[in-house]
Amino acid sequence: MTESCYFDGIKNKTSFTRQDLLQSFRDGGFGLSDASFCKKLELMIREGEIVRAGRNVYCFPKGDKVAYKHECSHLANEV
């Protein structure tokens, strides 16, 4: 999600909740059902656009840190 207008409601916060993010999306004109929002949230976390900081607490990643992604080698997948 590269549209920064969807993050206008939370861009100045150090951390935010799922409800804050959903409200920011809706204020920016991105209408989502609750189920679609859950999938979008999962995708944003997986792609590193936001980081889960705790239970129902999220933040934007710092520029110098990369989110850990677990990937198995081809050999490990065969085993």
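Aspartate 20 is partly exposed, with a relative accessible area of 27%. Its side chain meets that of lysine 13 in a salt bridge, 3.5 Å from N to O. The model is predicted. Four salt bridges occur in the structure, and a hairpin joins strands E1 and E2.

**Salt bridges**

- Side chains of opposite charge can pair when their charged atoms come close.
- Lysine 13, the partner of aspartate 20, is partly exposed at 37% relative accessible area.
- Arginine 26 and aspartate 34 form another salt bridge through their side chains, at 3.6 Å from N to O.
- Arginine 26 is partly exposed, with a relative accessible area of 37%.
- Aspartate 34 is exposed, with 51%.
- Glutamate 42 and arginine 46 also meet in a salt bridge, at 3.2 Å from N to O.
- These two residues, glutamate 42 and arginine 46, lie four residues apart in helix H2 (residues 34–46), so about one helical turn separates them.
- Glutamate 42 is partly exposed, with a relative accessible area of 40%.
- Arginine 46 counts as exposed, at 52% relative accessibility.

**Strands and hairpin**

- Strand E1 covers residues 51–54 and strand E2 covers residues 57–59.
- The two strands pair in the antiparallel sense over three bridges.
- Valine 51 stands opposite cysteine 59 in E2.
- Two residues lie between the strands of the hairpin.

**Asparagine 56**

- Asparagine 56 sits in the loop between E1 and E2.
- Its phi is positive, about 60°, although asparagine 56 is not a glycine.
- Asparagine 56 counts as partly exposed, at 26% relative accessibility.

Key
Residues numbered from 1 in each chain as written. Predicted model: local features only at pLDDT ≥ 70, side-chain atom pairs only at ≥ 80, totals over all residues. Heavy atoms only, no water. Pairing = 2+ DSSP bridges. Buried < 20%, exposed > 50% of the residue type's maximum accessible area, 1.4 Å probe, protein only.
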